[in-house]
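Here is a quick tour for anyone meeting this structure for the first time. Have a look at the sequence and the 3D view, then read on.

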Amino acid sequence: MLAVERRNLILDKLQKERKVVVSELSALFDVSEETIRRDLDKLDREGLAIKSYGGAVLNENTGVDMPFNVRKKRNMKAKQEIAALVASLVQEGEHIIVDPSTTAVAVVKALKNRKKLTVITSSIEVLIELSDVTGWEVICTGGTLRENYLTLVGSRAADVISSFHADKVILSCKGLDLKRGVTDAHETLSQIKHTMLKSARQRILAADHTKFGNVAFSRICQLSDIDMVVTDIRPEQKWMDYFAEKGIECLYGREESGEEAGDGSDDES
């Protein structure tokens, strides 16, 4: 096993259990404890974990993001519920923009029974997911590859997005807050998502219940810039009141509380 593969598996374990122990990891991967300590040192330097005596704990700072291949495994039930709701909003033959989030990958999977769609995206993972679909037009934005995100960013990507006028844009985020708005972990991602919002008639935010009340580093937009919020669990009444006041439609899957349903927050983005 390559070191990077082992570290991704350690991250996956951290996502599920919130902490890891050096001796247990050493036995699990059949490597020395010193090797595991070096792995944890690297994860600590990258801001993904916080070393502690005999192991490490997950860094749950909303400004830190896990690699895409780790994030896409998180909160999968919520993503699938949200994806089914979003897919019900998309009509045959529409032009849609989807952002570079793990939620967007779930959405395009849910849409694959459509006969004809045009999809514009900066997500490498979405492009791969749709590589076997026939009858669709799939447009890549181009741009500069962002490490750990499998997404294209920069002025080239923004210029391509700005040249389109889509029916719908579907995006996710790292956090949404009544005062701070919709936020993401990195400025480059926020800029691309902001450009996407300006290039579509209907703006749909797909965010699971763990994103509500979070504030990440870079603002994508104000909440009032969104037309519809799609989530897995009915938000608290203060959110529903705000949405009603601002004319934002809220579509959700279940009534149960976040404490009963969650298994960890997503990407996004």
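This is a predicted model: local features need pLDDT of at least 70, side-chain atom pairs count only at pLDDT 80 or more; totals for chains, interfaces and linings use all residues.

Residues are numbered from 1 along each chain as its sequence is written, and side-chain values use heavy atoms, with hydrogens and water left out.

**The sheet**

Let's start with three strands that make an open sheet in the order S1-S3-S2, paired antiparallel. Strands (E, at least two residues) and helices (H or I, at least four) are DSSP runs, numbered from the N terminus, and two strands pair if DSSP finds at least two bridges between them. Strand S1 (19–21) and strand S2 (49–52) sit at the edges, each pairing on one side only. On average, neighbouring strands here are turned by 20° against each other, direction ignored.

S1 and strand S3 (residues 55–58) run antiparallel and are joined by three bridges. Take Val20: its bridge partner in S3 is Ala56.

| Helix | Strands | Angle to S1 |
|---|---|---|
| H1 (residues 3–17) | lies across S1, S2 and S3 | about 125° |
| H2 (residues 22–29) | touches S1 and S3 | about 75° |

**The aromatic rings**

How many aromatic pairs does a search of the whole structure find? It turns up three. Rings of Phe, Tyr and Trp (its six-membered ring) pair if their centres lie within 6.5 Å; planes under 30 degrees apart are stacked, over 60 edge-to-face, and the rest tilted.

One of them is Trp239 with Phe243, a tilted pair at 6.0 Å centre to centre and 45° between the planes. These two are four residues apart in helix H10 (residues 237–246), so about one helical turn separates them. Trp239 is buried (under 20% relative accessible area; exposed is over 50%, partly exposed in between, with a 1.4 Å probe and protein chains only), at 4%. Phe243 is buried as well, at 1%.

Phe243 also pairs with Tyr242: their ring centres are 6.3 Å apart and the planes meet at 70°, so this pair is edge-to-face. Tyr242 is buried, with 16% relative accessible area. Together with Phe212, the residues Trp239, Tyr242 and Phe243 form one aromatic cluster.

How values were computed
Axes are lines fitted to C-alpha atoms, for helices over the stretch in contact, and angles run from 0 to 180 degrees between N-to-C directions. Contact means heavy atoms within 4.5 Å.
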